[in-house]
Amino acid sequence: NASSQIAHRGTSPFTCPALDTSTTCPLPQPKLPHPPNQTPPQHASQQENEQPPPSPPPSSSASEPKPSESPSPWSRGPICRRAGHSEYCAFTHSSFSSGTGISLITTPSRILLLGSQPPLNLTIHSTPESQPPANPQAPPYKDVPIPGKGIGLVATEPIRAGRLVMAATPAVMVDDKAFRGLRKEDLAMLLGQAIVSLPAEHSGRFLNLSADARAADEGQGQLDLVWKIFSTNAFRTPVVGIGAGVEGGEKIEGWEKEMDFQSTFVEVSRLNHACSPNLGYYFDSATLSHRVYAVKDILPGEELTISYVDVLQPSTTRNSLLSKTWSFTCTCPRCMLEPHLLEESNSRSQSILSLRRELDDYSTSASPQKAELLITLYELEGLQVRIYEAYYRAALEWNGVGDSGRAVRYARMCLDKGLLLRGPNRPFVDNMKELVADPTGHWSWRFRLKNAEKEESAGSNGSS
Ligand SMILES: C[S@@+](CC[C@H](N)C(=O)[O-])C[C@H]1O[C@@H](n2cnc3c(N)ncnc32)[C@H](O)[C@@H]1O
């Protein structure tokens, strides 16, 4: 059966001295308390409005993938846990990513599907002795204590907008179904196995991440602490698996299945929040890496920040979510404006939301001037991290009134920023590329004018 393909490991949870406070292993540094079911830092900030993606949906009746013939680089923890019909186990690939290692909590059949395809099967790149680290250059930042925020990262050199600042693979990835379906104690137990099985440096850095202060202070136990470190620092990371299966009696090769995981990364997880951040990021399923880019020019000594919440929301909405989920109130410049300036900032945020709604209704005769205003509002709010969304709308609006020159210019600007902040495999990227290649053949060509004509003829029919 599927699980027999994975080598069993003799490790029992928490035999690693890393979790024994009497040893030299790094101790966790608990910080602020968090509620148990928090949303990982990225969800809301990655919204976009796109044309429907053209790719066909994955087949739901395809059968499980076949076990791989080659020896598996994965080892499996000794104890698995059940949620519903599925059994979840902790799997570790300790030579992954030049010996950094990675652990996954998922089902045996999913590990066969995922683990037998790139990048998880790239054992050629994963022998620690023979492979240098992926990025031998010193990073342009260091971690330092930031008053009121725990540890954070600050720039050690000038960083230009557009520069790749980090590309890191996770320490641990948890199948979203396990995250939601398993009892907390069971998930904590599997997380414990997952962490102790990582190479020592990676597990030590994981255990140094921030967690709920109550876990350590009240001595609730090490499993609870590992669970809290994970949930404080997890990001949503959808992974596309390519499988083979049988549908309607016919063998199908290469169906794609998107699987949701929650993942914690030891470096990215040090980034604190700001409401107009200077970094943007996306998770690249093909390399299993979080790619973090500068969206503004950053000076040495400046803190590097990402956004944990939807930055388009007004300050009260942003802060109530931050407080509920991560137990802090934001003190970033956008939140600390004087009252009359804060009021203007919130009014701009409200306008952004209503303009987006208006522009995203393709059945009306909205105008390119509204898209231009949207760009200005994003700029005034310092939202370079989402500016590609405004360029996207401007490209469609100008094409919608038959101005291909401006449309192509904005489509290019959307691609320039959007590729950095969302990666290549996105429907909006395809959409903008199609517009650049052939604006007059694009679905949006003169669509607003056609709407206006329809409205006019409906009006004249009504009045005649
Ligand atoms: C993903 S961790 C970020 C790194 C963390 N500061 C550390 O010491 O490892 C999230 C935690 O950092 C703290 N944090 C992040 N951004 C903050 C901010 N803008 N103000 C205050 N605390 C913040 C909160 O305790 C939050 O739960």
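1. Strands S8, S14 and S13 make an open sheet, in that order, with antiparallel pairing. Strands here are DSSP E runs of at least two residues, and helices are H or I runs of at least four, both numbered from the N terminus. Two strands count as paired if DSSP finds at least two bridges between them. S8 (164-168) and S13 (279-284) are the edge strands, each pairing on one side only. The twist averages 15° from one strand to the next. Angles run from 0 to 180 degrees between N-to-C directions, with axes as lines fitted to C-alpha atoms, for helices over the stretch in contact.

2. This is a predicted model: local features need pLDDT of at least 70, side-chain atom pairs count only at pLDDT 80 or more, and totals for chains, interfaces and linings use all residues. Residues are numbered from 1 along each chain as its sequence is written.

3. Back to the sheet. Four bridges join S8 to S14 (residues 289-294) in the antiparallel sense. Ala167 has Arg291 in S14 as its bridge partner. Helix H12 (residues 404-422) packs on this sheet and touches S13 and S14. The direction of H12 makes about 60° with that of S13. Contact means C-beta atoms, placed from the backbone, within 7 Å.

4. The chain is divided into domain 1 (2-49 + 72-245 + 253-306) and domain 2 (339-463), with bounds from an automatic or database domain assignment. The contact takes 11 residues from domain 1 and 13 residues from domain 2. On the domain 1 side, S13 gives the largest share, three residues. By class, that side has four nonpolar, four polar and three charged residues. Nonpolar covers Ala, Val, Leu, Ile, Met, Phe, Trp, Tyr, Cys and Pro; charged covers Asp, Glu, Lys and Arg; the others, Gly among them, are polar.

5. The largest nonpolar core has 104 residues. Such a core is a set of buried Ala, Val, Leu, Ile, Met, Phe, Trp, Tyr and Cys residues joined through C-beta atoms within 7 Å. Leu191, Leu279 and Ala395 have the most contacts inside this core. Helix H11 (residues 387-400) supplies the largest share, nine residues. Domain 1 and domain 2 both give residues to the core, so it lies between them. Leu279 touches, among residues beyond four places away in sequence, Val165, Val292 and Ile306.

6. Which residues of S5 are buried? Five of the five, 102-106, so the strand is largely enclosed by the rest of the structure. Buried means 20 or more other C-beta atoms within 10 Å of a residue's own; 12 or fewer is exposed, and in between is partly exposed, with C-beta atoms placed from the backbone. Ile102, Leu104 and Thr106 point one way, Ser103 and Ile105 the other.

7. S5 has two partners to inspect: S4 (residues 86-93), antiparallel over five bridges, and S9 (residues 172-175), parallel over three bridges. Leu104 stands opposite Phe91 of S4. Leu104 also stands opposite Met173 in S9.

8. Gly192 is in helix H4 (residues 184-196). Is Gly192 buried or exposed? Gly192 counts as buried, because it has 25 C-beta neighbours inside 10 Å. Gly192 and Trp326 are 134 residues apart in sequence and 22 Å apart in space, C-alpha to C-alpha.

9. For the chain overall, there are 14 helices and 15 strands. Of its 464 residues, 42% count as buried. Among contacts with a separation of 6 or more, 72% join residues 24 or more positions apart.

Technical notes: Contact = placed C-beta atoms within 7 Å.
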